[in-house]
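Biologist: Could we go through some helices and backbone angles of this protein together?

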Amino acid sequence: MAEAHQAVAFQFTVTPDGIDLRLSHEALKQIYLSGLHSWKKKFIRFKNGIITGVYPASPSSWLIVVVGVMSTMYTKVDPSLGIIAKINRTLGTTGSMSNQTKNIVSGILFGTGLWVALIMTMRYSLKMLLSYHGWIFAEYGKMSRATKIWMGMVKIFSGRKPMLYSFQTSLPRLPVPAVKDTVNRYLESVQPLLNEEDLKRMKALAEDFSINLGPRLQWYLKLKSWWATNYVSDWWEEYVYLRGRGPIMVNSNYYAMDFLYLVPTPLQAARAGNAIHSILLYRRKLDREEMKPILLLGSTVPLCSAQWERMFNTSRIPGEETDTIQHVKDSKHIVVYHQGRYFKVWFYHDGRLLKPREIEQQIQRILDDPSEPQAGEEKLAALTAGERVPWAKARQTYFSRGKNKQSLDAIEKAAFVVTLDETEQGYNKKDPVTSMDSYAKSLLHGRCYDRWFDKTITFIVFKNGKMGLNAEHSWADAPIIGHLWEYVMATDAFQLGYAEDGHCKGDTNPNIPCPTRLQWEIPEECQDVIERSLSLACTLANDVDFHSFPFDTFGKGLIKKSRTSPDAFVQLALQLAHYKDKGQFCLTYEASMTRLFREGRTETVRSCTMESCNFVRAMVDSAQPVEQKLKLFKIAADKHQHMYRLAMTGAGIDRHLFCLYVVSKYLAVDSPFLKEVLSDPWRLSTSQTPHQQTELFNLDRNPEHVSSGGGFGPVADDGYGVSYILVGENLINFHVSSKFSSPETDSHRFGAHLRQAMIDIITLFGFHLNAKK
């Protein structure tokens with residue numbers, strides 16, 4: 001075959017006249033271009049390391065400072081207050097330099113030292129400025145003069161043209177709240193959920209903890225906060241994610257959907273070609289640090305970019321006690337799964353990225369390949385869907401040598417994994433409910449063996465051209481994947497586009513080697529392990545009750561007219577819907593972010609408050625006047641906003657208590673208070689998917705390019721998981737999950753309550769709606 005021939009750099013034969021050496025020029029060319037690409041990448045990383053290392057200054061500023069110092073020396077002015085003279089005398093002891101050389105070297109050394117001191121001063125000043133968070137608590141739309149001055153100073157010290165990681169060393173550390181403050185906030189959060197007797201008992205436990213054990217645990221936590229970059233993130237990654245021994249499918253992984261109404265092309269290979277090329281373009285921008293850091297408050301306040309570092313070339317590796325995250329610096333291939341077979345696809349040729357049409361060609365070759373799966377290959381990924389310990393043992397026993405190790409390495413070290421799904425998914429006008437629910441479940445778990453759940457990204461393309469992705473959760477949070485996904489969809493639709501016949505633009509290239517099958521030798525004992533893991537995974541997947549639906553009666557445009565935060569509005573609607581669904585309140589989790597701090601991840605906003613409960617009770621009481629309901633709504637919304645802001649600024653409840661609990665385990669001391677706090681189930685777990693790159697989507701000109709958002713599985717066996725995304729001004733997409741096995745939950749019933757709750761609240765403001773069924 002042609003690809004086999006090109007893979008050999010040279011051939012030789014032995015003849016009576018000696019050895020006949022025949023070089024393959026094409027192969028040598030590819031080797032040369034591959035090496036050139038590697039060195040270019042190393043140079044770019046080296047250059048970016050220097051630029052980021054000296055930020056907020058620039059490498060060219062060194063020359064300016066040194067020239068300035070040298071200029072003053074020649075005018076007989078000493079800017080160093082005698083330091084240059086001391087350096088000169090020290091150099092004089094070497095005896096190998098002339099006076100002129102010593103003067104030049106002394107000036108350069110002092111100028112360099114002054115330049116470094118200025119960098120450190122600017123960096124420290126910026127860190128101090130970014131430690132101020134008063135702007136978050138200001139009333140929406142109003143900015144004080146002090147905040148404007150502060151913003152101006154931040155911009156002065158922020159330098160010019162920051163790269164993705166430029167602000168990392170200038171971000172403040174996550175502060176450790178006082179124990180009493182956290183305990184008091186906790187008691188306030190559980191007040192609406194406990195009866196008088198239980199609340200009294202919890203207050204006694206909390207008081208004992210605050211006086212006795214709490215300060216001791218806090219001392220260790222303070223010590224860690226001074227030593228480590230972030231006192232939460234490493235423990236959060238390890239104990240919440242990597243040490244979990246249950247399935248990560250449904251329980252941890254989450255998904256992202258395609259455009260809601262639009263399918264740019266019905267050709268599966270073409271859609272894969274454009275989208276894979278878009279992902280690779282994003283990866284290249286990430287490698288070169290060409291993406292700008294995300295900035296808040298009018299492009300002033302930076303968010304931490306650390307989570308982007310492990311987006312690609314990364315896989316979760318199973319272990320018997322704890323998993324690990326394996327990240328390689330570079331990868332030049334992806335792995336594609338189709339009809340039970342795994343293919344390795346190189347995405348570089350002639351020293352460049354494959355073009356969309358060339359990737360389409362490679363995908364089409366896979367779709368046309370008639371070969372059958374090898375023994376055990378088809379359902380192999382079920383190992384990543386089941387319990388972690390059997391997968392860890394199977395990996396060690398059956399995949400640690402030979403063909404199996406090489407093929408598994410190809411998957412785990414791939415840039416990402418692609419699944420060419422054989423089903424058709426997406427929104428169907430004739431059956432919108434079933435079609436969206438099926439689409440969500442397919443992305444969340446598929447057939448339990450056709451997604452590699454350990455991979456950071458499994459990109460999925462369906463037979464009808466619809467697409468989506470499944471993401472592993474331990475390495476980063478959903479907004480990071482959301483940033484990638486918005487870029488991919490926008491690049492696919494607005495920049496690359498398709499030819500009239502639905503294919504990618506451009507020409508095919510017959511010289512590109514065909515994708516190669518991964519080879520396996522999976523014994524029957526391992527196949528039995530795969531089947532057992534698949535059986536458990538299917539039981540889990542079949543129990544997921546999903547309802548994904550677009551709410552287009554109104555959106556954030558109308559909500560903002562009511563002078564309310566859209567997030568607070570939706571959260572109060574969720575509280576009302578849950579009360580109507582179950583007749584009671586529950587502990588509610590809303591994910592917030594702490595990326596204002598270095599290596600920050602998430603914090604919990606406890607959305608069920610005394611204020612929200614008072615509002616909900618008023619809403620279900622027909623005797624309450626509208627004015628009273630509006631008053632209680634305003635109080636509840638303001639309370640929610642305040643709690644969200646506290647969480648963003650490091651004054652949350654749950655991460656602090658979690659870390660105190662970890663310290664108590666290390667010290668082998670028992671805390672009844674912490675044990676009870678961490679055993680409370682989150683029966684309503686919620687998350688908003690942010691729209692971060694709305695400039696890429698002009699929804700006024702392209703209303704059909706609305707995103708469907710993404711979702712996740714239920715956190716509690718008898719609870720709901722709710723994800724939502726506010727798209728444009730007139731659409732909110734909801735994703736509701738629960739379990740069929742729970743007699744207390746029904747995702748479609750909750751969805752109906754949620755729709756009605758949204759309408760009931762907005763009508764309080766006197767807006768007249770034509771509610772859509």
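Biologist: How many residues of α19 are buried?
Modeller: In this predicted model, 15 of the 17 residues of α19 are buried, where buried means under 20% relative accessible area, exposed over 50% and partly exposed in between, with a 1.4 Å probe and protein chains only. Local features need pLDDT of at least 70, side-chain atom pairs count only at pLDDT 80 or more, and totals for chains, interfaces and linings use all residues. Residues are numbered from 1 along each chain, and side-chain values use heavy atoms, without hydrogens and water.

Biologist: What follows α19?
Modeller: Gly583 does, and its phi is positive, near 75°.

Biologist: Changing topic, at what angle do the axes of α22 and α23 cross?
Modeller: The axes of α22 (residues 654-666) and α23 (residues 672-679) cross at roughly 130° and come within 10 Å. The two helices are therefore oblique to each other; angles under 35 degrees count as roughly parallel, over 145 as roughly antiparallel, 65 to 115 as roughly perpendicular and the rest as oblique.

Biologist: Which residues make the contact?
Modeller: Contact means heavy atoms within 4.5 Å. Leu657, Phe658, Leu660, Tyr661 and Ser664 of α22 meet Phe673, Leu674, Lys675, Val677 and Leu678 of α23.

Biologist: Where is Ala668?
Modeller: Ala668 lies in the loop between α22 and α23. Its phi is positive, about 60°, although Ala668 is not a glycine. Most residues other than glycine have a negative phi.

Biologist: Is Ala668 buried or exposed?
Modeller: Ala668 counts as exposed, at 69% relative accessibility.

Conventions: Helix = DSSP H or I, 4+ residues; strand = E, 2+ residues; numbered from the N terminus. Axes fitted to C-alpha atoms, helices over the stretch in contact; angles between N-to-C directions.
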